[in-house]
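Take a walk through this chain, starting with its charged pairs and then moving to its core and its surface.

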Amino acid sequence: MDNVALFLAVLGAYLAVFLVIGLVVYVLSSLAHMKALKALGYSKAWMAWIPFVRLYAFADVAADNQESVHMFGSISVPAVLYKFWWVVWIVLPFVPFIGSLASTVVLVVFLGNCYVKMYARLEGTTEQEQQVIGYLSGFLPIIAIVKFLAGKYNTKY
């Protein structure tokens, strides 16, 4: 029984460490994205604290009150559909065989495009100048967290 108790204690310690790390990442991510949304003048920056709702907020900011959103310079997506891309991202993994890959592609393309537009507005540059880092951030969101936390943006709130 001592081995079982030791195993459970070690397992509990590992779970506690992972829980703390996850909580720290969640808080830093939420703070970073809320800072960026406020700097962009978004009135509902608190949405950064709610999983999935934050993705709607990013798309809403990226759409910038336009009827359609331009991606890659030539593709036009209606803003209403663009704001709910994350629903497709959630549903796609349930499609057999290619669902997970398609979900990853949707995440990188749409979240990356949101970051491209956000970076361009925050840094006063063109979207073309931000494409590489934006789409890379769509694949590795930690890049956006670091950029937003380190950025010195003039807030409009």
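**Charged pairs, core and surface**

K147 and E123 form a salt bridge, with 2.8 Å between the closest N and O atoms. The two ends sit in distant parts of the chain: K147 is in helix α7, E123 is in helix α5, and 24 residues separate them. K147 counts as partly exposed, at 21% relative accessibility. E123 is also partly exposed, at 35%.

This is a predicted model. The mean pLDDT of the chain is 89. Of its residues, 96% reach 70 or more. Confidence is highest in α2, at a mean of 93, and lowest in β1, at 84.

Back to the charges. Side chains of opposite charge can pair when their charged atoms come close. The count here comes to four salt bridges. One of them joins K83 to D60, with the closest N and O atoms 3.0 Å apart. K83 lies in the loop between α3 and α4, and D60 lies in helix α2, so the pair ties together parts that are 23 residues apart in sequence. K83 is buried, with a relative accessible area of 18%. D60 is buried too, at 13%.

Another salt bridge links K117 with E127, and here the closest N and O atoms are 3.1 Å apart. K117 belongs to helix α5 and E127 to helix α6 (residues 127–139), so this pair ties together parts 10 residues apart in sequence. K117 is buried, with a relative accessible area of 7%. E127 is partly exposed, at 30%.

Now the core. Which residues touch the most other members of the largest nonpolar core? They are L37, F58, Y82, W85, Y115, M118 and F148, out of 37 residues. Several elements give two or more residues to this core: α1, α2 (53–63), β1 (68–71), α3 (79–82), α4 (85–91), α5 (99–123) and α7 (142–150). Helix α5 gives the most, with nine residues.

Leaving aside neighbours within four places in sequence, Y82 is in contact with A59, A62, A63, V69, M71, V77, F110, N113, C114 and K117. K117 is also the partner of E127 in a salt bridge.

A nonpolar patch of about 640 Å² is made by V20, L23, V24, Y26, V27, L28, L31 and L149. Helix α1 (residues 2–39) gives the most to this patch, with seven residues. V24 has its place in helix α1. V24 is partly exposed, with a relative accessible area of 44%.

Note on methods: Residues numbered from 1 in each chain as written. Predicted model: local features only at pLDDT ≥ 70, side-chain atom pairs only at ≥ 80, totals over all residues. Heavy atoms only, no water. Patch = residues over 30% accessible without salt bridge, like charges linked within 9 Å, V, L, I, M, F, W, Y side chains within 5 Å. Areas by Shrake-Rupley, 256 points an atom, 1.4 Å probe, with all protein chains shown as cover. Salt bridge = Lys/Arg side-chain N within 4 Å of Asp/Glu carboxyl O. Helix = DSSP H or I, 4+ residues; strand = E, 2+ residues; numbered from the N terminus. Buried < 20%, exposed > 50% of the residue type's maximum accessible area, 1.4 Å probe, protein only. Core = buried A, V, L, I, M, F, W, Y, C linked by side-chain atoms within 4.5 Å. Contact = heavy atoms within 4.5 Å. pLDDT = per-residue confidence, 0-100.
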